[in-house]
Amino acid sequence: MPFARLASATTPTAHLGLGLAAVGRPGYINLGREEDLPADRSVEALRERTRELLEAAYAQGVRYFDVARSYGRSEEFLAGWLSSRPDVDDVVVGSKWGYTYTADWRTDAEAHEVKDHGLAMYERQRAETAELLGDRLDLYQIHSVTPDSPALTDKELHAALAEAAARGLSIGFSTSGPAQAEAIRAALAVTVEGEPLFRTVQSTYNVLETSAAPALAEAHDAGLTVIVKEGVANGRLAGPRAPEALRAVAAETSLGCDAVALALILRQPWAGVVLSGAATANQLASNLHAAVVDLDDDQVSRLSALVEEPRAYWERRGQLPWH
């Protein structure tokens, strides 16, 4: 398991990773992108922004980087940075397949990505990822598995994934939507020749959406590495947009709302890696302060009161516009 490399790390930020969803393409649903990204969102401008973030993250101890086929040119940007830094040999790289990026570098596209969890899609995107990342890829995840995903029942796909695993690639899956717990438990039951197929799970969990926690604990107990995404709820838990209770706790810690929100996740015994989705170096630095936030029981209790009903949370997320 490549994540064993992170287990031996001693830096405070060893359990924080950087996801490139927000900078691998010009449009995304994160709040505040108008201020976060330059007016020039050309390929070269976002390539440079990604490089700056990767450099800053690595310098501050981050060792897990997360991309996807549907995150625009995120794999290409990460591959270019890795090629320029042959000395960087201690990072773990994860990507995802299952969505095709269809926006053609536009922010006003009718559809930004199209989902397909079939075997043909896996084979095509696996080849595309291999062309860019080669042997630097450690983890390949099925992107956004839901309980009705054919990826949970397709035996031919399972055999192909198991073959990749036998060649040294770790196989995982990510989840989204109000039924994350159901999807996680279904994936935990997937085996090939009696052996569990998946070694990691990446799910949304944050102050507002905690419904996957019991299933993530079960995954952790089963030996999977748990990766947490959307820890600041696509910007809803950062800065002036954060709920009053979160802003109050942040003021008490003298750190940002984002750092407090991520620190609450780091407290979970099942959380292996918590992703930052920063789009600026300042956001990244603030996110990484999560490693030194010390919350007391009263603060945790006040934050726990912010939990939303899962369907309401995901309905609101689904209404966020692509900026």
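Predicted model: local features only at pLDDT ≥ 70, side-chain atom pairs only at ≥ 80, totals over all residues.
Residues are numbered from 1 along each chain as its sequence is written. Local features need pLDDT of at least 70, side-chain atom pairs count only at pLDDT 80 or more, and totals for chains, interfaces and linings use all residues, while side-chain values use heavy atoms, without hydrogens and water.

**View A. The largest pocket.** Its space is about 950 Å³. A pocket is an open set of points on a 1 Å grid over the protein atoms alone, where a 1.4 Å probe fits, with protein on both sides within 12 Å along at least five of seven lines; lining residues have an atom within 4 Å of a point. The volume is the space filled by probe spheres set on the points. The lining holds 49 residues, and Tyr28, Ile29, Asn30, Glu230 and Asn234 lie nearest the centre. Elements supplying at least two lining residues include H10 (257–266) and E12 (273–276). Helices (H or I, at least four residues) and strands (E, at least two) are DSSP runs, numbered from the N terminus.

**View B. The second largest pocket.** About 200 Å³ of space lies here. Of its 13 lining residues, Arg69, Gly72, Arg73, Tyr101 and Leu132 lie nearest the centre. Helix H5 (119–133) is one of the contributors of at least two residues. H5 gives the largest share, 4 residues.

**View C. Strand E1, residues 16–19.** Leu16 and Leu18 on one side are buried, as are Gly17 and Gly19 on the other. Buried means under 20% relative accessible area (1.4 Å probe, protein chains only). E1 pairs with E12 in the parallel sense over 3 bridges; pairing requires at least two DSSP bridges. Leucine 16 stands opposite valine 274 in E12. In E2, phenylalanine 65 is the bridge partner of leucine 18.

Terms used. Buried < 20%, exposed > 50% of the residue type's maximum accessible area, 1.4 Å probe, protein only.
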